[in-house]
Amino acid sequence: MTIYGVAMLAACFLIGKLIGEGLGDLIGIDANIGGVGFAMILLIMGSQWLHQRRWLDTLTESGITFWSNMYIPVIVAMSATQNVKGALSGGMIALLAGTIPTALCFLMIPWLSRLQKRTTSEHVDKTEG
Amino acid sequence: MKEVMNILLNDGLLLASISVALVLALSMWISSRLTNKKIPGAAIAIFLGLILAYAGGVASGGDRGIADVGLFAGFTMLGGSMLRDFTIVATAMGARFSEMKKAGMTGVLSLMIGVAGSFSFGAVLAYLFGYQDVKSMTTIGAGACTFIVGPVTGTAIGADSEVIALSIAAGVIKSIFVTIGTPWVARLVGLNNPQTAMIYGGLIGTTSGVAAGLAATDPKLVPYGAITATFYTGLGCLLCPSMLYLILQWLASA
């Protein structure tokens with residue numbers, strides 16, 4: 001049933017958030033550290049586990065893929081609720097502090113990506129992906 | 001007429017869904033007819049969303065974009081953090097764990113460089129613009145990380161509210177810049193595979209920007225970028241008001 005998929009997604013989401021919240025508490029800051037990330041890892045591992053046992057039918061899976069397909073509309077709605085006017089009126093310093101460091105980070109992507117390839121080049125499986 | 005308005009207002013989420021569908025339909029049309037699919041429809045839709053947000057802010061004077069304009073309040077539901085995070089997690093369904101493991105250590109390194117790098121550049125800019133006390137420099141540097149790290153840091157170390165507002169503005173500008181910029185620089189920096197997407201997520205960090213930027217570039221990469229980006233804000237909230245603040249203080253007194 002579709003709701004099984006939705007429930008599985010919701011469970012992964014909540015457990016992930018709890019882990020993130022707990023991690024924040026542990027370090028002593030009021031922030032969720034990687035909650036969404038943990039939830040994603042749980043979902044990947046959980047669905048693989050179910051898949052191997054053939055317990056994941058198409059209907060159950062559709063409860064998850066529906067939300068995955070809703071991702072772009074949700075992001076469009078999110079963009080439409082940002083405080084764009086406020087941000088643009090923050091003046092020159094907000095504009096520069098928001099863009100220059102970011103542009104420099106963009107430029108570091110190729111360098112780190114090469115570093116990553118070098119460290120894992122021994123065991124890259126070309127059939128994967 | 002009054003009844004029609006009431007229905008639309010009470011079921012705001014539904015009106016927001018229809019509105020977003022119209023925005024997406026228009027964007028897909030623009031993408032295929034006017035740009036020959038060179039600019040993805042999602043990128044155009046997100047950009048139109050930002051324009052709507054600006055228009056909403058001008059019309060209402062509020063800070064929630066289009067959602068402050070009467071009928072469109074439902075946008076905060078559809079675009080709120082719960083559904084955003086929920087749908088991001090759902091995208092992991094198509095991701096492979098083996099791909100993620102490959103980026104392992106480099107992903108962690110990119111997070112460290114991303115937070116420390118943005119913070120340092122932001123702090124230097126603050127200094128150049130005359131915000132030369134350590135608290136202001138720290139807060140604006142934190143704002144250059146994300147619009148959450150900025151106010152969390154500023155509040156923690158007791159910065160001026162004007163500086164905190166600036167740090168939020170810097171963070172939102174970053175998020176907008178990443179959203180619009182990512183599809184343009186993607187080819188330039190080789191952002192076309194899961195590992196690079198993870199490095200990108202770690203370096204850039206701002207979850208909404210990363211998520212929207214990747215959606216506009218290649219939706220298949222979203223889960224990989226999101227999974228590192230989700231650790232960025234937490235790490236920023238951890239490092240900015242503590243270690244990075246202390247380092248700045250030490251530099252200022254030396």
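Predicted model: local features only at pLDDT ≥ 70, side-chain atom pairs only at ≥ 80, totals over all residues.

User: Let me start with the overall shape. What makes the radius of gyration of chain B agree with that of a compact globule?

Analyst: We set one value against another. For 254 residues, a compact globule would have a radius of gyration near 18 Å, and chain B has 20 Å, so the two agree. Along its principal axes, the C-alpha trace of chain B spans about 65 × 45 × 30 Å. Of the 254 residues in this chain, 59% count as buried.

User: What is chain B built from, helices or strands?

Analyst: Chain B has twelve helices and zero strands. The pattern along its sequence is therefore one α after another, written α-α-α-α-α-α-α-α-α-α-α-α.

User: Why is M100(B) called buried?

Analyst: Count the C-beta atoms around it. M100(B) has 22 others within 10 Å, and the cut-off for buried is 20 or more, so M100(B) is buried. This residue lies in helix α6 of chain B, which covers residues 97-128.

User: Which residues does M100(B) contact, leaving aside neighbours within four places in sequence?

Analyst: They are A95(B), M198(B), Y224(B) and I227(B). To count as a contact, the C-beta atoms of two residues must lie within 7 Å. For a sense of scale, M100(B) and A142(B) are 42 residues apart in sequence, with 28 Å between their C-alpha atoms.

User: D85(B) is an Asp. How do you know whether it is buried or exposed?

Analyst: The same cut-off of 20 settles it. D85(B) has 23 other C-beta atoms within 10 Å, so this residue is buried. Its place is in helix α5 of chain B. Leaving aside neighbours within four places in sequence, D85(B) is in contact with F13(A) and V36(A).

User: And what makes R54(A) exposed?

Analyst: Here the count is 7 C-beta neighbours inside 10 Å. A residue is exposed at 12 or fewer, so R54(A) counts as exposed. You will find R54(A) in the loop between α2 and α3 of chain A. Its phi is near 60 degrees, a positive value in a residue other than glycine.

User: Which residues of α1(A) are buried, and what do they pack against?

Analyst: The buried ones are G5(A), M8(A), L9(A), C12(A), F13(A), G16(A) and G20(A). They pack against α2 and α3 of chain A, together with α5 of chain B, residues 81-91. V89(B) touches several residues of chain A, including L9(A), C12(A) and F13(A).

User: How many residues are in the largest nonpolar core?

Analyst: It has 121 residues, and V89(B) is one of those with the most contacts inside it, along with I75(A), V76(A), I46(B), I140(B) and A215(B). The largest share of this core, 15 residues, comes from helix α12 of chain B, residues 222-253.

User: How many residues are in contact between chain A and chain B?

Analyst: There are 66 residues of chain A in contact with 94 residues of chain B. On the chain A side, α6(A) gives the most, with 22 residues. By class, that side divides into 42 nonpolar, 22 polar and two charged residues.

User: Last one: where are the domains of chain B, and what class of residue does domain 1 bring to the contact with domain 2?

Analyst: The domain assignment gives domain 1 as 2-79 and domain 2 as 98-253. Their centres, taken over C-alpha atoms, are separated by 27 Å. Six residues from domain 1 and seven residues from domain 2 make the contact. The side of domain 1 that touches domain 2 has six nonpolar, no polar and no charged residues.

Methods: Residues numbered from 1 in each chain as written. Chains lettered and ligands numbered in written order. Helix = DSSP H or I, 4+ residues; strand = E, 2+ residues; numbered from the N terminus. Rg over C-alpha atoms; globule rule 2.2 N^0.38 Å. Nonpolar A, V, L, I, M, F, W, Y, C, P; charged D, E, K, R; others polar. Domains from an automatic or database assignment. Core = buried A, V, L, I, M, F, W, Y, C linked by C-beta atoms within 7 Å.
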